[in-house]
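Hi,

Here is the structure I promised to pass on to you. Please have a look at it, and read on below for what turned up.

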Amino acid sequence: MFNLENIIRENIKSLKPYSSARDEFHGEAGIFLDANENSLGSSVGNYHRYPDPMQLSVKQKIADIKSVTTPQIFLGNGSDECIDILFRCFCRPGRQNVIICPPTYGMYEVSAGINDVEVRRAPLNASLDLEIELIKSKVDADTRLIFICSPNNPTGNILNREVISELLQSFNGLVVVDEAYIDFAGDEGWLPSINNYPNLVVLQTFSKAWGLAALRMGMAFASPEIIQVMNKVKPPYNINGASQEIVSKALKDQAAVNERIDILCIERERLAASLAQLEVIEAICPSAANFLLVEVNEGDIYSKLVAHGIVARDRTSVMNGGYWLRITVGAPQENDRLIEVLQKIKNQH
Ligand SMILES: *Cc1c(COP(=O)(O)O)cnc(C)c1O
């Protein structure tokens with residue numbers, strides 16, 4: 001049986017979190033002399049006060065859009081901070097382990113390395129999907145987190161729902177479903193299930209569909225009990241005031257976001273169809289994200305693209321044979337140019 005108490009690190013259980021000036025005062029006041037801020041302000045805007053450490057105003061808007069409650073939301077300085085905080089809350093360094101399903105997002109392993117936590121690999125199968133028995137065979141009493149990226153980066157596919165559901169039911173640690181690309185998938189993903197599984201953590205981000213990568217804001221959704229542990233560990237002011245302000249503004253116009261998502265999904269299909277016509281392309285993975293993983297017929301396509309001013313991501317090293325590029329779906333003219341350049345590259349043969 002999953003029991004949250006059994007997986008929280010002992011030092012975190014007994015931790016007395018930092019209590020900031022803004023945590024300790026609740027109420028109305030006109031004169032703030034509690035936080036050693038600069039009472040005269042700054043020359044670039046209204047940023048002289050520390051921001052809300054619990055980001056309640058942003059969280060309320062997210063809660064409305066996502067149909068969750070604010071105690072089910074944790075905000076990180078990018079999803080990358082959410083990932084790191086999960087390690088720090090639940091994995092004892094040098095002792096406990098996590099499972100990843102490569103090829104997948106690189107930060108799980110980096111974050112594990114930083115936290116001195118063992119990574120166990122249960123690679124995706126030939127259909128680039130989860131292999132339930134393999135994953136289960138890697139689990140032991142010290143396994144704390146299983147990272148599932150869906151749609152997966154770099155393969156672009158949604159991973160098997162039944163397998164994830166079986167893991168949620170059988171695993172006594174947390175199943176972390178990273179949905180950075182879910183808005184491009186036309187799939188409700190796992191967020192509507194957070195009330196059904198006490199060990200489910202869903203990660204989403206403002207970096208992709210919302211077009212706000214520079215602001216660094218990621219979301220973790222889970223039970224209020226899990227979120228409370230994460231809140232205890234986070235730096236008090238991990239989300240800066242400017243980001244809270246601008247994300248709040250973006251959240252008021254979901255229609256504009258949906259419009260861009262629609263365009264990018266149309267472009268994804270158009271790009272895939274055009275790429276399929278090209279001699280240099282061996283295979284295209286069906287994608288539910290805003291990128292395409294493609295197999296190319298030679299290893300130096302990457303540098304040939306660079307020579308034409310186009311940067312794709314070389315993913316050859318994470319695949320089992322063949323030459324692979326992960327190509328982000330660009331703006332329409334960028335995609336046109338990419339196709340044009342790839343055609344030119346072919347003609348040079
Ligand atoms: C891009 C991406 C993220 C986003 O990370 P941020 O820190 O929120 O920018 C998270 N997970 C995956 C799989 C990604 O590809």
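The count of aromatic pairs in this predicted model comes to eight. One of them is the stacked pair of Tyr108 and Phe147, whose ring centres lie 4.5 Å apart with 15° between the planes.

Arg161 has its charged end over the ring of Trp190, 3.8 Å from the ring centre. In the case of Arg326, the charged end sits over the ring of Phe291, at 5.7 Å from the centre.

Searching the whole structure gave one cavity of 30 Å³ or more, and the volume of the largest cavity is about 40 Å³. Which residues line the largest cavity? They are Val296, Glu298, Gly299, Ile301, Tyr302, Asp314, Thr316, Tyr323, Trp324 and Leu325. By type, this lining divides into six nonpolar, two polar and two charged residues. Helix α12 (301-307) and strand β11 (323-328) each supply at least two of the lining residues, and β11 has the largest share, with three.

I would be glad to hear what you make of it.

Best wishes

Technical notes
Residues are numbered from 1 along each chain as its sequence is written. This is a predicted model: local features need pLDDT of at least 70, side-chain atom pairs count only at pLDDT 80 or more; totals for chains, interfaces and linings use all residues. Side-chain values use heavy atoms; hydrogens and water are left out. Rings of Phe, Tyr and Trp (its six-membered ring) pair if their centres lie within 6.5 Å; planes under 30 degrees apart count as stacked, over 60 as edge-to-face and the rest as tilted. A charge sits over a ring if NZ of Lys or CZ of Arg is within 6 Å of the ring centre and within 35 degrees of the ring normal. On a 1 Å grid over the protein atoms alone, a cavity is a set of points where a 1.4 Å probe fits but cannot get out, and a pocket is an open set with protein on both sides within 12 Å along at least five of seven lines; lining residues have an atom within 4 Å of a point. Grid points are joined across faces, edges and corners, and a volume is the space filled by probe spheres set on the points. Helices (H or I, at least four residues) and strands (E, at least two) are DSSP runs, numbered from the N terminus. Ala, Val, Leu, Ile, Met, Phe, Trp, Tyr, Cys and Pro count as nonpolar, Asp, Glu, Lys and Arg as charged, and the others, Gly among them, as polar.
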